[in-house]
There are 2 protein chains.
Amino acid sequence: MSRLSFNSMTADRWSLPEVVEACAEHGVEWIGPWRHKLAEIGVGEAARLISEAGLKVSSLCRGGFFTADGADEDNRRAVEEAAALGAGVLVLVCGPPASSDLAAARAAIERGIERLLPHAIEHGVKLGIEPLHPMMIGERSAIVTLGEATEMAARIGDPHVGVVIDVYHVFWDPHLDEEIARAAGRILGFHVNDWLPATKDTLLERGMMGDGIIDLARIRGLVDAAGYDGPIEVEILNPAVWDLPRAELMGTVIERFERCVA
Amino acid sequence: MSRLSFNSMTADRWSLPEVVEACAEHGVEWIGPWRHKLAEIGVGEAARLISEAGLKVSSLCRGGFFTADGADEDNRRAVEEAAALGAGVLVLVCGPPASSDLAAARAAIERGIERLLPHAIEHGVKLGIEPLHPMMIGERSAIVTLGEATEMAARIGDPHVGVVIDVYHVFWDPHLDEEIARAAGRILGFHVNDWLPATKDTLLERGMMGDGIIDLARIRGLVDAAGYDGPIEVEILNPAVWDLPRAELMGTVIERFERCVA
């Protein structure tokens, strides 16, 4: 429970003040905000609220989209926002390919991370490459396996660049065990939720832990064995979860986290 | 054009006789029927129609679902139907995991293929393991990468077991080049279509060749280099394609095949 972090996307209909209040109320010690929630109230106000509630920030979601125009400037702001919140990690959703040339997209992403790195180092913020599920390649990320995220981080070779492992994006990988072991020392975040068997929607059908087919305890064990001992974010993009009353949403997240993950 | 095969799923609203007629009318030499279309008219009648139209059968879709009750009996029938049609290949959609234990599901699939193999050999039908996109793991296939399909075929080690490569399911793989090369000698089929960037639906949004982000010419080149010289099936699951008038659907398939694949 002391490692549970509540990612604001799990309650995307709430304002950041409401997420902060709900976490404090339910004894959650960590929060993982998204930038669109910060934007609603301003970063300074967000930092103040989070700090006054006694919460720690596990990561800021998200930077990246390195293949888009204007990405560099926006990513520098994201680093600054992470630093202002005391978030040690900025999660990178790396962006879709600009054409059918996936190798070019992956190279462009790597160069984008390298350009951002000095600013991240200067601000004491680590950059976490999050591989997304291959079904998200068209609009969100050309980086779709943990293996390539780890290889990219290793090539860049700076301790300020690592990977973020979300079970939803990687659980299907037949080489998951080896890939998590290979990521040892570079794991900057760990996200949990579940894969609902009858998933129709490529974005908004993420499940509550325990409602799907991901062996959360096993993957948690692999991530533990790789030496990661930081916060574990619950991140669930699903309108059915967003529609739950506040006490039920928070209570279910905590109960399922304790039963399926902790 | 002499390698273009029309998979019946590209016109799923048509009966098999209509698909056969459309292929003959448009100079398509190969057909890849699905079993639910055979069932509507009976296998004997289907074989007669296809043969009378002068078409060859590239494969029969599909056997598999090895993790379901009754799969063995149904798979033996699928082999017999393939043999009756003169289809050299039965495509295997291997089935989803029965639990969160993916390794167990994959082992169960391998044992299922091994049980089916003697019947396939006896009937002169090859079994093509088709890895499906990882987003289809929950309901359709625990086999989600070309690498694991090839490894499974290699372990079974009989020339009657190989892999079917569908660009839609594998294009995202950062190791695609090596994996296609590694599959050399075991490639039993090659399917084309496209990945639409804004894909929301996990099943029914497959694109027409040229409408998406798959580098078809490059993948075709890799499959050529691996020595595959059999028919190339156009398989598009998409109601927007199914709704096209017959001449437009056939004309577009042929035009896009020639432009993007051939």
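Which strands of chain B does helix 5 (residues 102-123) lie across? In this predicted model, helix 5 of chain B lies across strand 5 (89-93), strand 6 (126-129) and strand 7 (161-166) of chain B. The direction of helix 5 of chain B runs at about 150° to strand 6 of chain B.

The sheet of chain B is open and consists of nine strands in the order 3-2-1-11-8-7-6-5-4, with parallel pairing. Its edges are formed by strand 3 (56-57) and strand 4 (60-64) of chain B, each of which pairs on one side only. Within this sheet, strand 1 of chain B and strand 11 of chain B run parallel and are joined by three bridges. B:Ser5 has B:Glu233, in strand 11 of chain B, as its bridge partner.

Helix 11 of chain B comprises residues 246-261. With 16 residues at 1.5 Å a residue, helix 11 of chain B should span 22 Å, and the 21 Å between its end C-alpha atoms agrees with this expectation. The buried residues in this helix are B:Leu249, B:Met250, B:Val253, B:Arg256, B:Phe257 and B:Val261. Because these residues cover an arc of only 140° around the axis, they lie on the same side of helix 11 of chain B. In general, an α-helix has 3.6 residues a turn, so residues three or four places apart point the same way. The face turned away from the buried side of helix 11 of chain B carries the exposed residues B:Ala247, B:Glu248, B:Glu258 and B:Arg259. The cover over the buried residues of helix 11 of chain B includes strand 1 (4-7), strand 8 (187-192) and strand 11 (232-234) of chain B. It also includes helix 1 (16-25), helix 9 (216-225) and helix 10 (239-242) of chain B.

In chain A, nine strands form an open sheet in the order 3-2-1-11-8-7-6-5-4, and the pairing is parallel. Strand 3 (56-57) and strand 4 (60-64) of chain A each have a single partner strand and stand at the edges, so one side of each is left without a neighbour in the sheet. Helix 4 (residues 71-85) of chain A packs on this sheet and touches strand 3, strand 4 and strand 5 (89-93) of chain A. The direction of helix 4 of chain A makes about 160° with that of strand 4 of chain A.

Strand 4 of chain A and strand 5 of chain A run parallel and are joined by four bridges. The bridge partner of A:Gly64 in strand 5 of chain A is A:Val93. Strand 5 of chain A is mostly covered, with five of its five residues buried. A:Val89, A:Val91 and A:Val93 point one way from this strand, whereas A:Leu90 and A:Leu92 point the other way. A:Asp166 has A:His191, in strand 8 of chain A, as its bridge partner.

The loop between strand 4 and helix 4 of chain A contains A:Asp69. A:Asp69 is exposed, with 8 other C-beta atoms within 10 Å, since a residue counts as exposed at 12 or fewer. The C-alpha atoms of A:Asp69 and A:Arg206 are separated by 29 Å, and the two residues are 137 residues apart along the chain.

The contact between the chains takes 26 residues from chain A and 26 residues from chain B. On the side of chain B that touches chain A, the residues divide into 14 nonpolar, six polar and six charged.

Technical notes: Residues are numbered from 1 along each chain as its sequence is written. Chains are lettered from A and ligands numbered from 1 in the order in which they are written. This is a predicted model: local features need pLDDT of at least 70, side-chain atom pairs count only at pLDDT 80 or more; totals for chains, interfaces and linings use all residues. Two strands pair if DSSP finds at least two bridges between them. Helices (H or I, at least four residues) and strands (E, at least two) are DSSP runs, numbered from the N terminus. Two residues are in contact if their C-beta atoms, placed from the backbone, lie within 7 Å. Axes are lines fitted to C-alpha atoms, for helices over the stretch in contact, and angles run from 0 to 180 degrees between N-to-C directions. Ala, Val, Leu, Ile, Met, Phe, Trp, Tyr, Cys and Pro count as nonpolar, Asp, Glu, Lys and Arg as charged, and the others, Gly among them, as polar. The expected span of a helix is 1.5 Å times one less than its number of residues. A residue is buried if 20 or more other C-beta atoms lie within 10 Å of its own, exposed if 12 or fewer, and partly exposed in between; C-beta atoms are placed from the backbone. The arc is that of the directions from the helix axis to the C-beta atoms.
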